[in-house]
Amino acid sequence: MLVTERRYDIDWMRVIAIGLLLIYHIAIAFQPWGLLVGFIQSDEPMPSLWIPMTMLNVWRIPLLFFVSGMGVFFAMRKRNILGLLKERTVRILIPFIFGFLAISPLHVVLIMDYYGQAPQYMPSAGHLWFLGNIFTYVLILSPLFYYLKKNDQGKLAVGIKKLFSNPLGLAVAIIIMVAEAVLVNPNPFELYAETWHGFFIGLLAFLLGFLFVFSGKGFWSMLLKWKWVFAILASALYIFRLIEFDLVAPSYLMSIESCLWIFSAFAFALKYLNKPSKTLAYLSQAAYPIYIIHMFMLYGACWLIFPLEIPVELQFVLVVLFTFTGCFALYELVIRRVSLLRPLFGLKLEKRKIKQVNLEVKEV
């Protein structure tokens, strides 16, 4: 397989996508329909926030699926298929089950208490539905991925690399994603959580993300060459959607816009972010646990701040500060430091802890 070096730009894309997810979910709490989708809602909404958020909304979740498919490519380099399934079980399935039983129910307790209902324990996937999808995709697609790895110079592998080394390959990718939108016909397009649209768009994005990295340097060189075209076309489609369709365009147009934003994001990340840094090293570790706990922190912020008689703009600032600060504080002070908690939030056991355990076993 051609790609062997670490891709810091892809790490950055994952971190940025999760950061945008936090901002997006905070914005929902300030929409007049927030309660309808299960959020604690401000009594004084800020509908203007939705204009930039709807630009993000058509590509933020597909982007994470693309990145997840790319991540599997790198995870496969030193693992056979059983090793990959074991690693993904530890990394994804265990945090999903833990979150299903212990994290998502906390959101329910907070929202029921806020609206004067008797709190109940209700296990659910909640925002962690994404992890369940990812684990399912690994089970479905890993045989194909390992076939391509084993037959790196076979006709299929060579054809894939050739296809995705020119813009025609991106046109094929867009057609595939548009076909999903047309056949499933989601309403609205951005309803991904626990829907067939979310499942199939995730499956296709996951597959394409893997194939993009598998295709090697030819794909990334092509992507860099066309980066401004992708960005300009995506911006034009968003403006057209805003003016002509009041942000709710036909699903095929939103699918095309989504792909173009994602292509431009990967191209600009490769251009400017493909280099190591201490900040990235820290955020790469923190991003996954923060994704798992961010809704609990957001609901807690809304529960505390929304009853205060202060301007809605100040509410927004305080909710942002509380959510981000709370997430990083819980991660830094508790999750990353308590060995028993680390695997439940997708973190590896620290090497020194593993060595200590091994020594204790030998002594026994």
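Let's start with Phe322. Its relative accessibility is 31%, so Phe322 counts as partly exposed. On that scale, buried is under 20% relative accessible area, exposed is over 50%, and partly exposed is in between, with a 1.4 Å probe and protein chains only. Phe322 sits in helix α13, residues 312-335. Helices here are DSSP runs of H or I with at least four residues, strands are runs of E with at least two, and numbering goes from the N terminus. What does Phe322 touch, leaving aside neighbours within four places in sequence? Met297, Gly300, Ala301, Leu304 and Ile305. Contact means heavy atoms within 4.5 Å. Leu298 is 24 residues from Phe322 in sequence, and the C-alpha to C-alpha distance is 7.7 Å.

A word on the source. This is a predicted model, where local features need pLDDT of at least 70 and side-chain atom pairs count only at pLDDT 80 or more, while totals for chains, interfaces and linings use all residues. Residues are numbered from 1 along each chain as its sequence is written, and side-chain values use heavy atoms, with hydrogens and water left out.

Next, empty space. Rolling a probe the size of a water molecule over the atoms shows where empty space is left. The grid is 1 Å, over the protein atoms alone; a cavity is a set of points where a 1.4 Å probe fits but cannot get out, and a pocket is an open set with protein on both sides within 12 Å along at least five of seven lines. Lining residues have an atom within 4 Å of a point. Points are joined across faces, edges and corners, and a volume is the space filled by probe spheres set on the points.

The largest pocket has a volume of about 1,400 Å³. Its lining has 40 residues, and Arg6, Arg14, Glu87, Arg88 and Arg91 lie nearest the centre. Which helices supply at least two lining residues each? They are α1 (8-28), α3 (60-76), α4 (81-114), α5 (129-150) and α12 (278-305). Helix α3 gives the largest share, eight residues. By class, the lining of the largest pocket has 23 nonpolar, six polar and 11 charged residues. For these classes, Ala, Val, Leu, Ile, Met, Phe, Trp, Tyr, Cys and Pro are nonpolar, Asp, Glu, Lys and Arg are charged, and the others, Gly among them, are polar.

Now the second largest pocket. Its volume is about 1,100 Å³. It is lined by 41 residues, with Ile28, Val37, Gly38, Phe39 and Ala193 closest to its centre. Here α4 makes the largest share of the lining, five residues.

The largest cavity has a volume of about 30 Å³. Its lining is Leu237, Phe240, Arg241, Phe245, Ala249, Leu253, Met254 and Glu257. Six are nonpolar, none polar and two charged.

On to the rings. The whole structure holds 37 aromatic pairs. The rule: rings of Phe, Tyr and Trp (its six-membered ring) pair if their centres lie within 6.5 Å, with planes under 30 degrees apart counted as stacked, over 60 as edge-to-face and the rest as tilted. Tyr114 and Tyr115 are an edge-to-face pair, 4.9 Å centre to centre, with 80 degrees between the planes. Tyr114 is partly exposed at 21% relative accessible area, and Tyr115 is partly exposed at 31%.

Phe130 and Tyr291 have ring centres 6.3 Å apart and planes at 75 degrees, so this pair is edge-to-face too. Phe130 is in α5 and Tyr291 in α12, and the pair links distant parts of the chain, 161 residues apart. Buried or exposed? Both Phe130 and Tyr291 are buried.

Charges over rings, briefly. A charge counts if NZ of Lys or CZ of Arg is within 6 Å of the ring centre and within 35 degrees of the ring normal. Arg7 lies over the face of Trp220, 4.0 Å from the ring centre. Arg60 has its charged end over the ring of Tyr24, 3.7 Å from the centre.

Last, the backbone. The peptide bond from Asn187 to Pro188 is cis, with omega near 0 degrees. Pro188 is in the loop between α7 (167-184) and α8 (196-214).
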